[in-house]
Amino acid sequence: MGYIKSAALEETGYVVLDSYDQELDPKEWLDIEYVDWKSSGDTRFAPLASAHGEIECNGFWNSIPPRTDKDGVWIESQVAKAPNLTRRAQEPGANIGRCRVIELQPNTYGECLYNLHQDDNNRLNPDGTGWVVRGFFNLSDDKDSFFVLRENRTDPQGEVRIALPAGAQLIIDTQRLWHAATHVGSEPRYNLITSWTSGPELDAHIEKYHGRNRVDSVEVSQEILDAGYAEQARRDAARAAYYAAKGQAEVAQAMSEA
């Protein structure tokens with residue numbers, strides 16, 4: 001049968017919407033409660049909606065009973081402090097799973113490439129229902145920072161780098177695309193991330209805000225690009241060596257106990 005997906009995301013896996021005037025809204029993300037939760041980089045998260053309305057960030061498939069990333073429960077204490085962020089997440093009218101603000105500390109392009117990852121948005125999602133994608137609203141004004149998108153984690157061919165000033169709005173199939181952010185600056189970056197279910201509501205939202213599935217990449221010097229590729233390769237090799245050595249140590253231990 002297949003999943004219900006947005007045609008706007010079919011070609012490239014992402015759309016960039018009209019920018020939002022973030023200056024009109026208060027900085028509610030500074031008032032809500034954060035928990036330590038590591039993603040791609042040095043991060044914390046402040047959940048607005050979770051599996052059971054608690055301040056935690058676990059995947060819904062780890063709840064009891066396990067379920068897909070849909071029908072999130074709003075956290076009353078967080079929503080009371082962040083009504084505008086909640087309104088923005090609810091605006092499309094699409095089903096919402098997890099909804100949270102990420103706090104990301106500054107990093108380099110090489111660190112970003114090492115942290116490229118895909119999200120497990122559709123675990124336990126029944127066939128024939130809407131495919132879960134993610135909306136990203138940049139809250140802090142990070143004019144020199146950019147989101148990195150790749151079809152292949154280690155292949156820069158076709159890499160897209162999307163600018164992240166305050167009010168930037170993206171919708172990304174993050175289960176398809178490898179993604180992470182390069183955050184240039186001295187202060188943390190804040191971004192509202194919402195799991196939305198694809199369907200006519202989300203399609204209408206994309207159309208209303210003139211979603212574009214191709215944008216010009218942020219220009220980065222060849223020197224920074226080359227250094228980033230080398231750093232990703234170096235870290236990947238170090239990680240592979242670590243796990244290889246760990247595996248050999250476990251085999252040796254098992255043999256000594258036989």
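V218 lies in the loop between α4 and α5 (222-257), where helices (H or I, at least four residues) and strands (E, at least two) are DSSP runs numbered from the N terminus. The description rests on a predicted model, in which local features need pLDDT of at least 70 and side-chain atom pairs count only at pLDDT 80 or more, while totals for chains, interfaces and linings use all residues. Residues are numbered from 1 along each chain as its sequence is written, and side-chain values use heavy atoms, with hydrogens and water left out.

With a relative accessible area of 23%, V218 is partly exposed, a class that falls between buried (under 20% relative accessible area) and exposed (over 50%), as computed with a 1.4 Å probe on protein chains only. Leaving aside its neighbours within four places in sequence, V218 is in contact (heavy atoms within 4.5 Å) with F146, R161, I162 and A163. The C-alpha atoms of V218 and A163 are separated by 6.2 Å, although these residues are 55 residues apart along the chain.

F146, one of the contacts of V218, belongs to strand β7 (residues 142-150) and stands opposite T182 in β10. β7 and β10 pair in the antiparallel sense over 5 bridges, two strands being taken to pair if DSSP finds at least two bridges between them. These strands are part of an open sheet of 3 strands with the order β8-β7-β10 and antiparallel pairing. Its edge strands are β8 (160-164) and β10 (178-182), each of which pairs on one side only, and the twist averages 25° from one strand to the next, where axes are lines fitted to C-alpha atoms, for helices over the stretch in contact, and angles run from 0 to 180 degrees between N-to-C directions.

Aromatic rings form a further set of links. Rings of Phe, Tyr and Trp (its six-membered ring) pair if their centres lie within 6.5 Å, with planes under 30 degrees apart counted as stacked, over 60 as edge-to-face and the rest as tilted; by this rule the count comes to 8 aromatic pairs. The rings of Y109 and F146 have centres 6.3 Å apart and planes at 45°, so this pair is tilted. Because Y109 lies in helix α3 (residues 109-114) and F146 in strand β7, the pair ties together parts that are 37 residues apart in sequence. Both Y109 and F146 are buried. Elsewhere, ring pairs link W29, Y34 and Y190 into a cluster.

Charged groups also sit over rings, a term applied if NZ of Lys or CZ of Arg is within 6 Å of the ring centre and within 35 degrees of the ring normal. R88 lies over the face of Y20, at 3.7 Å from the ring centre, and the charged end of R235 is placed over the ring of Y114, 5.5 Å from its centre. R88 is also among the residues touched by Q22, which, not counting residues up to four places away in sequence, touches W29, R88, L139, A166 and G167. Q22 is found in the loop between β1 and β2 (35-36) and is buried, with a relative accessible area of 4%.

β3 and β5 run antiparallel and are joined by 6 bridges, with A46 standing opposite V101 in β5. The pairing of β5 with β11 is likewise antiparallel, over 7 bridges, and E103 stands opposite Y190 in β11.

Some backbone features occur in loops. A cis peptide bond, with omega about 0°, joins I64 and P65, and P65 is placed in the loop between β3 and β4 (73-74). L124, in the loop between α3 and β6, has a positive phi near 70° in a residue other than glycine, and is partly exposed, with a relative accessible area of 48%. H210, found in the loop between α4 and α5, has a positive phi of about 55° although it is not a glycine.
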